[in-house]
Amino acid sequence: MKFFLLLSAIGFCWAQYDPHTKSGRTSIVHLFEWRWVDVALECERYLAPKGFGGVQVSPPNENAVITDPSRPWWERYQPVSYKLCTRSGNENEFKDMVTRCNNVGVRIYVDAVINHMTGSGVSAGTRSTCGSYFNPGSEDFPAVPYSGWDFNDGKCKTGSGDIESYNDAYQVRDCRLVSLLDLALEKDYVRSTIANYLNHLIDIGVAGFRIDASKHMWPGDIKAVLDKLNNLNTKWFPSGSKPFIYQEVIDLGGEAITSSEYFGNGRVTEFKYGAKLGTVIRKWNGEKMAYLKNWGEGWGFMPSDRALVFVDNHDNQRGHGAGGASILTFWDPRMYKMAVGFMLAHPYGFTRVMSSYRWTRHFVDGTDVNDWMGPPNNNGVIKEVTINADTTCGNDWVCEHRWRQIRNMVMFRNVVDGQSFTNWWDNGSNQVAFGRGNKGFIVFNNDDSTLSATLQTGLPAGTYCDVISGDKSGNSCTGIQISVSSDGKAHFSISNSAEDPFIAIHADSKL
């Protein structure tokens with residue numbers, strides 16, 4: 001009996017680290033600021049057929065309508081209530097999306113904004129996306145309801161009421177983040193109110209949550225909320241399944257708060273990952289791809305089974321939220337595809353792909369002063385995600401997840417899942433290669449000279465299609481073909497001027 005209870009406890013503890021993706025699907029995509037109707041369509045027409053495991057969606061709860069500047073992306077992080085209506089759609093559209101995505105095996109993860117309500121910079125009488133009244137000045141949110149009793153004013157010890165030093169863990173967690181009203185998560189009423197919101201989403205069928213601004217909440221307070229959550233909806237998930245949790249904790253080292261404090265609650269965003277990988281791919285500070293041989297924990301990252309990893313996210317692709325100028329984004333497509341390809345081929349962490357929109361960049365003294373710009377819209381109404389004849393997106397939606405090189409690497413990761421990291425090769429500089437057991441092999445040339453080498457792939461003999469330059473199409477390749485001999489070796493030639501200076505082959509790309 002004791003042994004059974006121990007197993008039960010272990011199973012319960014591990015539940016929140018499991019993304020509950022359908023078997024054989026290993027990555028999720030952040031469809032940033034998409035409408036629910038477009039997410040539902042994308043699940044059915046593209047994500048499920050291409051092997052994506054799930055979607056992180058933008059916050060679905062009511063927010064303040066910010067008009068100065070005009071409808072910025074960060075408006076979604078200005079909560080007014082937990083009603084499900086935003087410019088992405090209403091509650092019925094949200095439910096329809098979750099149902100349709102789950103029905104094709106694509107999970108939905110909600111960006112949960114539970115640290116705060118909208119801030120003191122927003123005046124009473126400002127519109128909200130559901131029409132609810134709110135007054136930040138008097139801390140009055142009747143649609144929840146929250147009042148002055150439910151905020152952390154008394155606990156914060158700074159003169160301004162805002163965070164003034166990130167070297168003081170109490171300030172970071174008890175004071176206001178950029179003047180946003182800080183909820184008192186130590187109070188059971190606040191915990192229960194947030195849990196009711198999250199449970200409503202769980203009952204609809206979501207698979208888990210990105211916990212926004214987790215660093216600004218005490219780990220024990222987050223745990224107290226998570227302990228109140230329901231099991232996942234048994235229409236789509238096994239009985240007793242707990243929601244997948246990944247917490248946004250920006251930890252680049254050198255501050256009072258560390259990622260490891262949050263491991264007990266679920267996975268944590270590993271911000272060092274994209275920052276360091278960007279530095280290596282850009283070849284800054286003498287970094288070389290050869291140094292990636294011990295990538296992961298060997299670079300001081302958190303344990304792989306606790307990490308949610310990404311090359312860029314909606315914050316740092318705009319220069320906010322950690323990583324600085326090293327972060328690679330769709331604005332640097334050649335290097336970006338290499339970075340995402342490396343992430344999806346390497347076994348470390350649970351991977352999230354970014355899917356963005358374009359905005360009009362305008363630099364003043366090296367800073368993009370237009371980084372606030374919201375999604376493509378007509379007078380504040382989000383534009384439809386249109387699909388071009390070549391399967392890319394229109395209407396200023398970037399859709400990196402539809403780029404052939406990235407989409408095919410999502411499939412590569414699915415094929416090599418569970419295989420060991422093998423057959424590393426490098427030239428001492430920026431030409432590297434590695435395998436995943438006997439299922440996949442990838443080669444990069446980020447040097448200033450052509451790569452020409454015969455390498456041990458670990459793969460069975462045969463002819464393989466490179467999934468970066470093209471696709472396997474029937475009994476032929478639309479891109480480069482690679483012949484693996486009976487001893488597992490193959491010759492690779494990659495020009496340093498190639499549009500995509502890397503090659504990837506896997507078991508399912510074999511002719």
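This is a predicted model: local features need pLDDT of at least 70, side-chain atom pairs count only at pLDDT 80 or more; totals for chains, interfaces and linings use all residues.

Entry one, a left-handed link. I began with the link of C465 and C477, which is left-handed, with -85 degrees about the S-S bond. C465 belongs to strand 19 (residues 462–465) and C477 to strand 21 (residues 476–477), so this pair ties together parts of the chain that are 12 residues apart in sequence. I noted a distance of 2.0 Å between the two sulfur atoms of this disulfide.

Then I looked up how far the two cysteines are covered. C465 is buried, its relative accessible area being 0%, and C477 is buried as well, with a value of 15%.

Entry two, the other disulfides I followed. How many disulfides does the count give? It comes to five. When I number the bonded cysteines of the chain in sequence order, I can write the pairing as 1-3, 2-4, 5-6, 7-8, 9-10.

I turned next to C43 and C101, which form a disulfide with their sulfur atoms 2.1 Å apart. Their link is right-handed, with 90 degrees about the S-S bond. This pair joins distant parts of the chain, since C43 sits in helix 2 (residues 36–47) and C101 in helix 3 (residues 91–103), 58 residues apart. I found C43 buried at a relative accessible area of 0%, and for C101, also buried, the value is 0%.

C85 and C130 form a further disulfide, for which I wrote down 1.4 Å between the sulfur atoms. C85 lies in the loop between strand 2 (54–57) and helix 3, while C130 lies in the loop between strand 4 (116–119) and helix 4 (169–174), so the pair ties together parts that are 45 residues apart in sequence. Is each of these cysteines buried or partly exposed? C85 counts as buried because its relative accessibility is 16%, under the 20% cut-off, whereas C130 is partly exposed at 27%.

Entry three, the domains. The domain assignment gives me domain 1 (16–269 + 357–397) and domain 2 (421–509). Taken over C-alpha atoms, the centres of domain 1 and domain 2 are separated by 39 Å. I also checked the UniProt record, an unreviewed entry, in which residues 422–510 are annotated as "domain: Alpha-amylase C-terminal". Over residues 422–510 I read 0% helix and 52% strand, with the end C-alpha atoms 19 Å apart.

I looked up strand 16 (residues 431–436) and found it mostly covered, with six of its six residues buried. In a regular strand the side chains alternate between the two faces of the sheet.

Which strands pair with strand 16? Strand 15 (residues 421–426) pairs with strand 16 in the antiparallel sense over four bridges, and W425 stands opposite A433. Strand 15 and strand 16 form a hairpin with four residues between them, and in the turn G428 has a positive phi of about 85 degrees.

On to strand 17 (residues 440–445), which pairs with strand 16 in the antiparallel sense over six bridges; here V432 stands opposite F444. The hairpin of strand 16 and strand 17 has three residues between the strands, and I noted that G437 takes a positive phi near 55 degrees.

Conventions
Residues are numbered from 1 along each chain as its sequence is written. Side-chain values use heavy atoms; hydrogens and water are left out. Domain bounds come from an automatic or database domain assignment. A disulfide is a pair of cysteine sulfur atoms within 2.5 Å. Helices (H or I, at least four residues) and strands (E, at least two) are DSSP runs, numbered from the N terminus. Buried means under 20% relative accessible area, exposed over 50%, partly exposed in between (1.4 Å probe, protein chains only). UniProt positions are given in the numbering used here, feature names are shortened, and annotations may be inferred rather than shown by experiment. Two strands pair if DSSP finds at least two bridges between them.
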